[in-house]
Amino acid sequence: MRFLSIKKKADIRAAAELIRAGGLAAFPTETVYGLGGDAFNTAALARIFEAKRRPRFDPLIIHIAAAEDLELAADLSVLSPRTRQRLDRLRGLWPGPLTLILPKRRELPDLATSGLATAAIRFPDHPAAQMLIRLSTRAVAAPSANLFGRLSPTRAEHVRDQLGDKVDIILDGGPARVGIESTVLDLAGERPRLLRLGGTPREQIEALIGPVEIAGPVRAGDSGSAGGRDTVPPAGLESPGQLTSHYAPRTPLSVYRREDIAALDYRPGEGFLFFDGAAREAWTARNGGGVQNAGTAVMTLSETGDMIEAAAALFDTLHKLDALGLSRIRAQEAPGGSLGPAINDRLYRASVR
Ligand code: TXA
Ligand code: MG
C-alpha cells in the first residue's frame, strides 16, 4: 500500500492511473473517505466488496465529477416528467453530500448495484476527488473506506488502520469537512424517499422538491447474516446500508438525552461523548473533582454546540474513544433539525449490536 497526498498532482494522477488499471485507491471526499474502483470493471468491483468484507447485496455509490456524467450510470429516458423536474432542481445541490437513486443504465455492471434496477450516484464537492474521478474513468464506484459495519473513515489514517494492504493507494487529504456520509434520496419511484440521513439536511431537499418521506429503518436482526458475503438480501431491505447495526465502534455505546446524560454518575473506565460544552460542564459540576481522572475519555463534539462542527468531529471522536479500551461510551443526543437527525442516526446505530 502506498500512502500519497492530494497536495501533489502527481499523486492524484498515480491514483487515477491505478483505478484505470483496475486497482483500488482510497480517496478523500467532503463527507468521508471512499474506497474507489472503476465502476465498469467487474474485477475491481469484486475487489471492493472483498476488501471491505461487504455483503454483495449492499450496492455501491457511483461517483461522477460533472453533472452531465450522470448518464454514464443512470437511464434518464424512463423518468416521468415530475421526477425529471425533481432531478433538475436537486442538481442545484451538486456537487455536495447528496446521493440520488435513479434507474440504472443497462451497461453499468450488476455488481455495482447488487442486481437492483437502480443506481446510486453522487457528485462529491471535493476538488481532489473530482480531479481523481475525471482523470480515471469518470465513474468511480466508492463505498466508505471502512470494513463493513465499522466506523466510517474521516481521516486517511482511519483507512490505513482498517484496510491496510487491501488497498493499493491511500490519498491523504486531511480530515473530511462534512464528516458524515451523504444523504441518500430515492428518486426512482413517484414519491421521493430518504433512504439515509446524511450531510444534506432534509429541510434543504424539501425546500426544493416539497415533502419527502423517510424510509423506515431496518433492524439488524432482520438481516439474518449481516456479516455474511454472498448472502441474499433480507426481505424488504430497500437500502441495504440501512441495517441498524451500522457504524459500530467496538466499545458498547449508549445514547442519552441532554438532561439525562448530565445527571449520570461518572464511573472509572467509561467514556463520555458530549454534544456541547455546556452539557459537559453541567455533568462535571454534578460529579465534582472525581471526574478529573477521566481525562481523554471525556470528549465534546462542539464547545459551542455548532451542528456543522459537531458532525465533522463525530466519527473522528468515536474512533478516538473506541481506541481507549473503555467499558462503555455514554453519548449525548444531538438536538433536532439540520444535521441533528443524521448525527443521531449514527449514534443510535452505533448503540445497536
Ligand atoms: O458520503 C458518501 O456517500 C460516501 C462517500 C465515499 O461518497 N460513500 C458511502 O458509501 O457512504 P456506502 O457504500 O458506505 O453507502 C452507500 C449507501 C448504502 O446505504 C447503500 O445501501 C445505498 O447507499 N445504496 C447504494 N445503491 C443503492 C440503490 N440502488 N438503492 C438503494 N440504496 C442504495
Ligand atoms: Mg458505509
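Which residues of α12 are buried? In this predicted model, they are Gly340, Ala342, Ile343, Asn344, Asp345, Arg346, Leu347, Arg349 and Ala350.

**Helix α12**
- Helix α12 covers residues 340-350, and nine of its 11 residues are buried, so the rest of the structure largely encloses it.

- Eleven strands form an open sheet with mixed pairing, in the order β1-β8-β2-β3-β7-β4-β6-β5-β9-β10-β11.
- At the edges are β1 (2-5) and β11 (213-214), each of which pairs on one side only.
- Within the sheet, β2 (residues 25-27) and β3 (residues 34-38) are antiparallel and share three bridges; Ala26 stands opposite Leu35 of β3.
- Helix α1 (residues 9-20) packs on the sheet and touches β1, β2, β3, β7 (140-141) and β8 (169-172), with its direction at about 145° to that of β8.
- Helix α7 (residues 156-163) also packs on the sheet, where it touches β1, β2, β3 and β8; its direction makes about 160° with that of β8.

**Helices α4 and α8**
- The axes of α4 (residues 81-90) and α8 (residues 202-209) come within 9 Å and cross at roughly 125°, which means that α4 is oblique to α8.
- The crossing of α4 past α8 is right-handed.
- Arg86, Arg89 and Leu90 of α4 meet Ile205, Leu208 and Ile209 of α8 in this contact.
- By class, four of the contact residues are nonpolar, none is polar and two are charged.

Conventions. Residues numbered from 1 in each chain as written. Chains lettered and ligands numbered in written order. Predicted model: local features only at pLDDT ≥ 70, side-chain atom pairs only at ≥ 80, totals over all residues. Heavy atoms only, no water. Axes fitted to C-alpha atoms, helices over the stretch in contact; angles between N-to-C directions. Helix = DSSP H or I, 4+ residues; strand = E, 2+ residues; numbered from the N terminus. Parallel < 35°, antiparallel > 145°, perpendicular 65-115°, else oblique. Left-handed = near helix turned anticlockwise from the far one by under 90°. Contact = heavy atoms within 4.5 Å. Nonpolar A, V, L, I, M, F, W, Y, C, P; charged D, E, K, R; others polar. Buried < 20%, exposed > 50% of the residue type's maximum accessible area, 1.4 Å probe, protein only. Pairing = 2+ DSSP bridges.
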